[in-house]
Amino acid sequence: MRIRRLLVANRGEIAARVVRTCARLGIESVLAASDADLDALPARTADRVVRLGPGPAAQSYLDPAAVVRAALAVGADAVHPGYGFLSESPALARACADAGLVFVGPSVATLEAVGDKLTARSHALDAGLPVVPGGEAADLAGARAVADRVGYPLLVKAVGGGGGRGMKLVRTAAELPGGLDVAVAEAGAAFGDPRVYLERYVTSGRHVEVQVLGDGTSAVALGDRDCSVQRRYQKLFEEAPAPLLGDDVRAAMADAALALATHLRYRGLGTVELLYDRDRGSFHFLEMNARIQVEHPVTEAVTGLDLVAEQLAVAEGLPLRLHAGDVAARGHAVECRINAEDAARDFRPAPGRIERVVLPVGDGLRVDIGVQAGSVVPPHYDSLLAKLVVHGTDRADALARARTALDLLRIEGVTTTAAVHRALLDDLELVAGGVDTGFFERWQARRRDLAEVS
Amino acid sequence: MDLTPDDVRDVVRALDASGLDELHLELADLTLTVRREGAAGWTAEQQVHRRPEVERGEPVTAAATPEPARADVPEGSVAVHPPLLGTFYRAPQPGAPPYVEVGDEVDAETVVGIVETMKMMTPVHAGVRGTVAEFRTANGEFADTDAVLLVVEPAS
């Protein structure tokens, strides 16, 4: 079915980004906005705006019934959920199907299969992927049994969701009961599902992920990204392709992601997250994200693709128009997430009114942004304001251009993480490339030490 | 409509060749200022003026915003404000016992609640030694930075 009118059921920079592809493709965009976002930048760039509900997300962006009502009220034929919120919700996918709407995302069965992290693990095993040693921890005895098998340190993770919530590091057997309790409580609060599982903690791991696209019959891998620069499991800086990986490892990662997508008869855009063990030179499956990712622009920069357009095409039921041979990475791209946060105060969120936005422009530069001068950053949602995406001929060129671009970028009125990125890009370990997920914490500690000396 | 990054880049290319340093464009729905920033390159400042016309869908309910909590406190008592605006919670997670109840003894460092702002949790400290006298903001209610969450009667 041809999509002619698309309900964009999200906000901020990703809503503005989806609206942009709609404009290019001649699809009418209707933004579904909460009361806090009715006058936001995406509401001004979308063709139409429909009210979704009150500001708090639980009554708007997280309410599947409200999304479907908004879609029907404006006569939309499809719903794009963006990322976060209901993007991986089987309930929304099902409600859309019941209402005769196209859900721009995988099938209900796929969402259920990959949304439950234990089910996803077993699918990965069935598809022949290596998984991190571990297993379900139904109770303390079960957890001890798993711990005896895989050893310490361990990571306790939530079955029902990701994003660092419900995740606890357990270093010794003595820490297991306490870590398990906290993780169960957090998982229950965050995802409504208190189940947890254990995984061996990889002390020097890199977060490498592979972009996949499937039409339900066949699938294609569209290259990898490195998202190892993280603070408390939240990504800050990403790049494509993942630096300093051997050709054989890179090819094996792409093959593994493709095997899983094929096994799931995956239809839609998705990301297979892998943990690359720097010490062992091996990788394991972590989880699969059944939606567009925040960091998708770095893949777009090096491949020249519009992933939202591809996502809409497979949602329309069209067969894949990309094949493995057609997609090649050209150059290197990096992305800096500009969040409304105050790094000097432990990255405390900084809502408020934006006074001025000055963006760098030029070849190889792209800024995906959801605010402009006068915009209010509401306290209800996450802190991502903009993503600076820089494409260079190689990694060194991309980093150099990113430094210049950050010097020119000005978002005034709220405190942002732009200055953190500018300092980060001068760090020798980051410049060398291939850092692990522990890098950012070490970098912060180094900066604190420097501040104390001077 | 706003201008796409490609549109703005085309403007910059034209300017680059012209030797001009700044261009200010005023269109019906937007203004755009493009500036040469020395050797570093170009910047753009864009403002989309179009006011969205919001269509039906969910009716706006007037009762959605609760009455702001009373700001005045009795003489000698201390008002506890949120460290930043957000949703106030009295317990670490749903179903858990509250951090403190009316009548509890607190000191300056006692955590009396948390505020969720942009999906991040910030603890609220009593800020003073004394006894919790009353709560002015209910669990799950939104609080501005000048809102009174609770009132503490300082120890003499």
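At what angle do the axes of helix H3 (residues 64-74) and helix H4 (residues 90-98) of chain A cross? In this predicted model, the two axes cross at roughly 30° and come within 9 Å of each other.

**Chain A overall**
- The secondary structure of chain A consists of 15 helices and 23 strands.
- Chain A has a radius of gyration of 21 Å, close to the 22 Å given by the globule rule for 454 residues, so it is as compact as a globular protein of that length.
- Along the principal axes, the C-alpha atoms of chain A fill a box of roughly 55 × 55 × 45 Å.
- Buried residues make up 55% of the 454 in chain A.
- Of the contacts in chain A between residues at least 6 apart in sequence, 64% link residues at least 24 apart.

**Domains of chain A**
- Chain A is split into domain 1 (5-104), domain 2 (133-200) and domain 3 (205-453).
- Between the C-alpha centres of domain 1 and domain 2 of chain A the distance is 35 Å.

**Helices H3 and H4 of chain A**
- H3(A) and H4(A) form a right-handed crossing.
- On the H3(A) side the contact is made by Pro64(A), Ala65(A), Val67(A) and Val68(A), and on the H4(A) side by Ala91(A), Leu92(A), Ala95(A) and Cys96(A).
- By class, the residues of this contact are eight nonpolar, no polar and no charged.

**Helix H11 of chain A**
- Helix H11 (residues 307-315) of chain A is mostly covered, with seven of its nine residues buried.
- The buried residues are Leu307(A), Val308(A), Glu310(A), Gln311(A), Leu312(A), Val314(A) and Ala315(A).

**Contact between chains A and B**
- Chain A gives 43 residues to the contact and chain B gives 37.
- On the side of chain B that touches chain A, the elements giving two or more residues are helix H1 (5-18), strand E3 (42-48), strand E4 (54-57) and strand E9 (120-125) of chain B.
- E3(B) supplies the largest share of that side, seven residues.
- The residues on the side of chain B that touches chain A comprise 17 nonpolar, 10 polar and 10 charged.

Conventions:
Residues numbered from 1 in each chain as written. Chains lettered and ligands numbered in written order. Predicted model: local features only at pLDDT ≥ 70, side-chain atom pairs only at ≥ 80, totals over all residues. Buried ≥ 20, exposed ≤ 12 C-beta atoms within 10 Å, placed from the backbone. Helix = DSSP H or I, 4+ residues; strand = E, 2+ residues; numbered from the N terminus. Domains from an automatic or database assignment. Axes fitted to C-alpha atoms, helices over the stretch in contact; angles between N-to-C directions. Left-handed = near helix turned anticlockwise from the far one by under 90°. Contact = placed C-beta atoms within 7 Å. Nonpolar A, V, L, I, M, F, W, Y, C, P; charged D, E, K, R; others polar. Rg over C-alpha atoms; globule rule 2.2 N^0.38 Å.
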